[in-house]
Amino acid sequence: MAINTITASGNLGKDCEQRWTPNGKAVASFSLPVKQGYGEHEKVSWVICKMFGPKAEKLPPHLTKGTKVTVTGEFVMEEWTSQNGEKKSAPVIIVNQLDFGGNGGNQAGSQKLQQNQGWGQPQAPQQQQTQNQPPMDFDDDIPF
């Protein structure tokens, strides 16, 4: 039995796009940069991330260019034939967990979504109180 799990983190390269399958299922897709190498040998490739179902209906307004996310999901290579007959392929992550913010992000804390036979409830981030700042209540801010 092989395990096919990949985790990628980065800032979205462009706004999330939403479309609908012929049977009415929502599909949200966005791209994340994946770095390899270092120094002058560093290279950035882009991986497409896709989410399906009810959460894909609500996510696009919250996944805008520059948003920091970490995704975990199944790695697949999508293949298709272009209109001019050329065969193409692209790396894709079928997302089953999405974490907004994360370590080093510009957002206070992080918010997670998981998919296990449907979507679970988001986990509210743990916040540290500062002297002049009241604790944040994420229940009203989470759009899911």
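Strands here are DSSP runs of E with at least two residues, while helices are runs of H or I with at least four residues, and both are numbered from the N terminus.

β4 also pairs with β3, in the antiparallel sense and over 10 bridges. One of the facing pairs sets Val-34 opposite Ser-45 in β4. The two strands form a hairpin with 6 residues between them, and Gly-37, which sits in the turn, has a positive phi of about 80°.

## The chain as a whole

Residues are numbered from 1 along each chain as its sequence is written, and side-chain values rest on heavy atoms, with hydrogens and water left out. As the model is predicted, local features need pLDDT of at least 70 and side-chain atom pairs count only at pLDDT 80 or more, whereas totals for chains, interfaces and linings use all residues.

The protein chain contains 1 helix and 7 strands, which follow the pattern β-β-β-β-α-β-β-β when read along the sequence. Of its 144 residues, 31% are buried, a term that stands for under 20% relative accessible area, with exposed meaning over 50% and partly exposed lying in between (1.4 Å probe, protein chains only). The chain exposes about 9,700 Å², of which carbon and sulfur atoms supply 46%; these areas come from the Shrake-Rupley method with a 1.4 Å probe, and for residues only the protein chains shown count as cover. Where contact means heavy atoms within 4.5 Å, 49% of the contacts between residues at least 6 apart in sequence join residues at least 24 apart.

## The nonpolar core

A nonpolar core is a set of buried Ala, Val, Leu, Ile, Met, Phe, Trp, Tyr and Cys residues joined through side-chain atoms within 4.5 Å. The largest one has 19 residues, and those that touch the most other members are Phe-30, Leu-32, Leu-63, Val-69, Val-71, Val-95 and Leu-98.

Leaving aside neighbours within four places in sequence, Leu-32 is in contact with residues including Ala-8, Leu-12, Trp-46, Val-47, Cys-49, Val-69 and Val-71.

## Cysteines and Ser-29

A disulfide is counted when two cysteine sulfur atoms lie within 2.5 Å, and by this rule the count is 0. Cys-16 is in no disulfide, its nearest cysteine sulfur being that of Cys-49, 9.6 Å away. Cys-16 is buried at a relative accessible area of 10%, and Cys-49 is also buried, at 0%.

Ser-29 belongs to strand β3 and is buried, with a relative accessible area of 18%. Beyond its neighbours within four places in sequence, Ser-29 is in contact with Cys-16, Glu-17, Ile-48, Cys-49 and Lys-50.

## Thr-67 in its loop

Thr-67 lies in the loop between α1 (54–58) and β5 (68–81), and with 10% relative accessibility Thr-67 counts as buried. A polar atom of its side chain is 2.8 Å from the backbone oxygen of Thr-64. Although Thr-67 and Gly-10 are 57 residues apart along the chain, their C-alpha atoms are separated by 8.1 Å.

Key: A polar contact is a pair of N or O atoms within 3.5 Å; within protein, one must be able to donate a hydrogen and the other to accept it, and residues adjacent in sequence count only if both atoms are side-chain atoms. Two strands pair if DSSP finds at least two bridges between them.
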